[in-house]
Amino acid sequence: MNPKRLTSLKHKITLAFYIILGMALLNGVIAILLSQELRTEIEQLVSTEVVKVTTALQLAKNSERLQIITTELNHYDTEEQRQSLLKELTIQWEHLLKDTKVLYTLETTPNMHQALNSTIDTQLYFQQQLPLLDKLTDSALQAKIQAQNIQTNLTGMSSAFSDEMQMLLDQTHKRYSLLFAQKNLNGITENLSEHQTLSEYLHLGEHLFVLLDEVKNTSSIVALNRLQREAMRLLIQMEDVVPTMRSNNTIYLNWLSQIKQNMVGNDNLFELSRNALKSTQIANAHFSYQANAAREIAQFTQELVNHVEEEIQLAGSNLKSDSTSFVILIFCGGILYCFFIWLTSWHFIAKGIIKPVIATRDAMNAIANEKLDTQMPITDNLELQQMVSSLETLKTYAAQVKAMAETDGLTGCYNRRYLDTQIQKELSYANDHNMPLSLVMFDLDNFKQFNDQYGHVVGDQCLRQIVNAAKSILQRPTDILARYGGEEFMLLLPSSHLEDAYKIAERLRKTIIDLRIPHQNSAHFGIVTISLGVACWQPSQALDVNKLISLADEALYSAKQAGRNRTEVLDKA
Ligand SMILES: Nc1nc2c(ncn2[C@@H]2O[C@H](COP(=O)(O)OP(=O)(O)OP(=O)(O)O)[C@@H](O)[C@H]2O)c(=O)[nH]1
C-alpha cells in the first residue's frame, strides 16, 4: 500500500499553476516596485535639479538685467524715464527674491542654505532702499530740471545782454562821430572812456554767461564750486565797473540784478546744480552697490549652477548604477523564476505526474505481456493510485486467466497448451545456447483397469498423487511437468542430457512405486506403476518439436511393450 497521503492530480496541477502564477506575480511586483523607485529618482532629478538649474539661470539673467537697469539709472532725463527704470528695478528685485526663495526651498545642503539666506538678506536690504532711491532720484531730477530752466533763461538773457550792450556801444560810436565832427575833445574823451567801460562790462558779462553756461556740463561739485567762485568774481568785477559809467547806469544795474538773481539766493543755478549732482552721486553710489550686489548674485548663481551640474552628474551616475542593479535584479529574478518553474514542473509534473504515469504504463505493458510478477508503481496521485488499484485487480484476473489457460484443472500441473508453447520456446533457447533438451513422457500402467476397479473419482485422486510426486522430484525451476493428455504426462527438462533425463525418469518411476497406491490388477506388486520414455534433442539435430515428442512417445511405447514399469530411451532425433 502506498504510505503517502493521496493527492488529486487536478489539485496538484492547480497548485503548480498557482505557484507559477504567484512567482510571475511576485516577479512582476518586484519589477514594478523597482521601476517605480527608478521613476521616482528620475522625477526627483527632473523636479529638483532641473528646476534648480533653470531657476538659477533665470536668477543670473535677472541679475544681469538689474545691472543694466542700474547703469541706465545713472543717465535719465525725464520723470517718465526715471519712473519706468525704477519700476523695472523694483520688479527685478522682486523676481530675484522670488527665485532665490525657490532655490532656498530646493536646496538641501546647510552651506548653500546659509549662502542663500545671506543673499536673501542682501536683496531685502536693497528692496528696502528703493523708496530712498526714489526720493534721491526725484530730487536730483527736480533740481536738474530747475537748473536747466535757469540755464535756458540765462541763455536768453545772454543774447539779450549782448544785443543791448552792442547797441549801447553802437550809440557811443555814433556819438563819437558827432563829437568828432564838433571837435569836442572833452566829449570825445568822455565818450571814449564810456566806450571802454562799456566794452569791459560787455566782456565781463559775456564771460560770465559763458561760465554760467558751462555749469550744465559740469559733473563734479569741485568744478561747480570753482565755476561759482569764478562767476562771482566776474559779477563783482561787473558791479565794480558800473559806478565808473558816466551815463545812466540803471540799465547795467538792472542787468546785474537779473544775473545775480540766478547766481545767489534760494534755488540759484549753482545751488540747484549742486543739489542735483549730490543727489545723483548718492543715488548712483547706491545703484553701484546694487549693481555690485546683482553681480555677486549672478556670480553666486553661476557657482550654484556648477554645483547643481555636479549634483546632476552624480545623480545621473547613481541612476545609471541603480538601473544596472535593476537589470541585474530582474535578470536574477527571471533566472529564479525559471528555476522555480523548472522545480515546479519537475516536482509536480515530471516527478508527480509523468513518472508515475510512465510507471503505470510500464506495469500495464508488463501485465499485457503476461509478466504478472511485475511490481505495481507507488504513487501519491489519487487518480493514478485508483488506476494502479484497478490494474492490480486486472493483474489478479490476468494471473487467474493465465493459470486457467496454462494449468490442468484436475492435477494442478501445466496443461498441453502450455507444454506445446514451452517446448517450442525451450527448443529455440537450447538451439541458441547450444544446449540439449530432454523430454520424459510417462503414462500410468493399466489405468483403465484402475478406473474400472476403483472408480473415476479414485482415479482422479491417483492422478493428483502422481503429479504431486512428479513435482517433488523436479529440482530446477526451469523443469516443467505437464499433463499431455488423459493419464499421460511429460517432463520438459531444459539443459539436461539424455543420461540426466534418464536418471530423473527412473527416480520418478521409483517415487511412484514408493507411493504404493494399491492397484489389484497391476502386474507389478499390486500397486500403481508408470512407464516412461525418454528422448533428448542435441544441438546438432534439426529443430523439430514433433519429432522429439514422437521419440519420447516411441520410447514410452517401447516401455509398455517391454512390460511396463520401466524407462526406455530413444535418442535418435
Ligand atoms: N479417472 C480418470 N481416468 C482417466 C482420465 N483420463 C483418462 N483416464 C482413463 O485412463 C484410461 C486409459 O486407458 P488405456 O489407454 O487403455 O491405457 P491403460 O489401461 O493404462 O493401459 P496401458 O497404458 O497400456 O498400460 C482410460 O480408461 C481412461 O478413461 C482421468 O482424467 N481420470
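This is a predicted model: local features need pLDDT of at least 70, side-chain atom pairs count only at pLDDT 80 or more; totals for chains, interfaces and linings use all residues.
**A walk through the structure**

Leaving aside residues up to four places away in sequence, Gln92 touches Asn62, Arg65, Leu66 and Ile69. Gln92 sits in helix α2, which runs over residues 79-106. Is Gln92 buried or exposed? Gln92 counts as buried because 21 C-beta neighbours lie inside 10 Å, and the cut-off for being buried is 20 or more.

Now step back to see the whole protein. Its secondary structure comes to 13 helices and five strands. Of its 573 residues, 29% are buried.

Let's follow another helix, α8. This helix covers residues 382-406, 25 residues in total. From its first C-alpha to its last, α8 reaches 35 Å, close to the 36 Å expected at 1.5 Å a residue. Which residues of α8 are buried? They are Leu384, Gln385, Met387, Val388, Leu391 and Lys395. As you look at their numbering, keep a general point about helices in mind. An α-helix has 3.6 residues a turn, so residues three or four places apart point the same way. In this model, the buried residues of α8 pack against α7, which spans residues 269-368.

Next, find two stretches that carry a label from a database record. The unreviewed UniProt entry annotates residues 15-34 and 326-349 as "transmembrane region". Residues 15-34 are 100% helix and 0% strand, with their end C-alpha atoms 28 Å apart. For residues 326-349, the end C-alpha atoms lie 32 Å apart, and this span is also 100% helix and 0% strand.

Finally, turn to the ligand. How many residues surround the ligand? There are 16, and the closest are Phe447, Lys448, His456, Gly459 and Gly486. Three elements each supply at least two residues of this shell: β1 (437-444), α10 (447-454) and α11 (456-473). Helix α11 gives the most, with four residues. What kinds of residues make up the shell? Seven are charged, five are polar and four are nonpolar.

How values were computed. Residues are numbered from 1 along each chain as its sequence is written. A residue is near a molecule or strand if its C-beta atom, placed from the backbone, lies within 6 Å of it. Ala, Val, Leu, Ile, Met, Phe, Trp, Tyr, Cys and Pro count as nonpolar, Asp, Glu, Lys and Arg as charged, and the others, Gly among them, as polar. UniProt positions are given in the numbering used here, feature names are shortened, and annotations may be inferred rather than shown by experiment. A residue is buried if 20 or more other C-beta atoms lie within 10 Å of its own, exposed if 12 or fewer, and partly exposed in between; C-beta atoms are placed from the backbone. Two residues are in contact if their C-beta atoms, placed from the backbone, lie within 7 Å. The expected span of a helix is 1.5 Å times one less than its number of residues.
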